[in-house]
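Please have a look at the structure before reading on.

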Amino acid sequence: MDKESTVAAKVEEPVARITRARAKALGTSGGIPPPVPKPYLKEDQKRALRANTKRTASDDNKSFITAVSGLQHKRRAVLKDVTNLKSESSNASCTNVTKVQDMDVKPARKCHAKKNMEMVDISMETSEAEEDIKARLAEELSKIRMVESQEITSPTRQKGICHHIKNGCAADSLLTPRVTDELQSPQKENIFCKKLESSSGQVIADIDSNLKDPQICGLYAPEIYSNRRVKELDQRPSTNYMEKLQHDITPSMRGILIDWLVEVSEEYRLVPDTLYLTVNLIDRFLSENFIEKQRLQLLGVTCMLIASKYEEICAPRVEEFCFITDNTYTRREVLKMERQVLNLLYFQISVPTTKTFLRRFIQAAQASYKAPCIELEFLANYLAELTLVEYDFLKILPSLIAASAVFLARWTLDQSDHPWNPTLEHYTSYNASELKTTVLALEDLQLNTNGCPLNAIREKYRQQKLKSVANMTSTQRVLSLFER
């Protein structure tokens, strides 16, 4: 029996589990080495071991996920060059080719390098050719400008070109097309303009020479104001909408509304640009839409709300405009009117007003003084604001009103000298004869010959902080200047 069991043990493969007796028999017979006995574990220890293995596995998964996420974050943060990736792939593919293919590729690489060198030479030649072309263009441009200067000095074309120069246009854009911005340097243009001014025999002060103040925009100011002179012809209100469209309101009602809006602007300390834009929006809306007199005040506060949003840093809230009307109109009515005004005007709010040109013209007027004259600035602003109340001044352009206000302000402060000089004529593009009608109308407003009862603007400029310019009048009438 023992022999048969040993033979069977040799033939049969050992099963997974062996009893002690059989293992002892196999060990004595030399069949297999005795297995290493495993330590005996209780059920509680087995459960703890299983729990530990699960925890370690979960910890490994977490660490793996964090590692992968960290790698993905780095890949998103770093952006590699695409050409480097292409070169690495090409090098990797080259290592797998045979020696025969390497022999075929080497001359091709040499040819490719030669082609690259040829392309570099061609590019250098083209760049040199471009530089030569630019140099030739610069020489031709200088020749053209010399010819233009000779043509401009001729008396037949002097008048028309000077008219364009007054409007802020460059002489180059009139005679020849604009070549490039690089070739037309601002220094050359300034020198060219100075020659034109000296050829006419008039000394004109350069008010745009202060390049340190960024708010003056000295390099772009002539083009900006020439563009505004064109824009003031567009988006103008109708000059006779009271007679054609509005049958429920009158010019006196419009004047009362604007006089009240002047007080509102003083109450909320709004800038003058807000007041001018408010009046412009009111007139443009009344030029195209009929309105009842009960809603005229609603239109006024709504237009001031829109102008405040456009001009002010901190615009008053809608509730404040409702409160200023003694809650005659609700917040919903104001917002509804705001949508109606903006849709009717197609959201075209940026328009040049009298205040826009007044800044430029006052700056030109101050050029003739050794020190800035504060009274001149306040008096010109006062005369310009007086025109806001009058319906008849809608027929006059804002730039013409601004120039006339500066003319009359200079005459009011000093009657010993003529108030108009070549500098003002150059920057306003108006001569003294063109200002005659508007200046005389402004003088009537200053003296209040019609006895207008609307005194909000007059009371505003009677304050000491504004030098009480509303009380200033000239001893001589300005008509005497035009009779000479």
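Predicted model: local features only at pLDDT ≥ 70, side-chain atom pairs only at ≥ 80, totals over all residues.

Residues are numbered from 1 along each chain as its sequence is written, and side-chain values use heavy atoms, with hydrogens and water left out.

**Helix pairs**

Two packed helices are described by the angle between their axes and the distance between the axes. Helices here are DSSP runs (H or I, at least four residues), numbered from the N terminus. Their axes are lines fitted to C-alpha atoms over the stretch in contact, and angles run from 0 to 180 degrees between N-to-C directions.

| Helix pair | Angle between axes | Distance between axes |
|---|---|---|
| Helix 16 (residues 354-366) and helix 18 (residues 398-413) | roughly 40° | within 8 Å |
| Helix 12 and helix 13 (residues 296-311) | roughly 130° | within 8 Å |
| Helix 18 and helix 20 (residues 436-447) | about 60° | 9 Å |

Angles under 35 degrees count as roughly parallel, over 145 as roughly antiparallel, 65 to 115 as roughly perpendicular and the rest as oblique. Helix 16 and helix 18 are therefore oblique to each other. Helix 16 passes helix 18 in a right-handed crossing, the term used if the near helix is turned clockwise from the far one by less than a right angle. In this pair, residues of helix 16 including Phe357, Phe361 and Ile362 meet residues of helix 18 including Ile401, Ala402 and Val406; contact means heavy atoms within 4.5 Å. The residues of this contact divide into 11 nonpolar, two polar and one charged. Here Ala, Val, Leu, Ile, Met, Phe, Trp, Tyr, Cys and Pro count as nonpolar, Asp, Glu, Lys and Arg as charged, and the others, Gly among them, as polar.

Among the residues in contact are Phe407 and Leu408 of helix 18 and Val439 and Leu442 of helix 20. By class, there are seven nonpolar, four polar and one charged.

**Cavities**

How many cavities of 30 Å³ or more does a search of the whole structure find? The search finds three. On a 1 Å grid over the protein atoms alone, a cavity is a set of points where a 1.4 Å probe fits but cannot get out, and lining residues have an atom within 4 Å of a point.

The largest cavity holds about 340 Å³ of space. Pro237, Asn280, Thr354, Leu394 and Pro398 are the closest to its centre, out of 24 lining residues. Helix 12 gives the largest share of this lining, four residues. The lining of the largest cavity has 12 nonpolar, five polar and seven charged residues.

The second largest cavity has a volume of about 80 Å³. Its lining includes Asp259, Leu386, Cys452 and Arg458. Helix 17 and helix 21 (456-460) each supply at least two lining residues. This lining divides into six nonpolar, no polar and three charged residues.

Conventions: 1 Å grid on protein atoms, 1.4 Å probe; cavity = no way out; pocket = protein on both sides within 12 Å on 5 of 7 lines; lining within 4 Å. Points joined across faces, edges and corners; volume = space filled by probe spheres on them.
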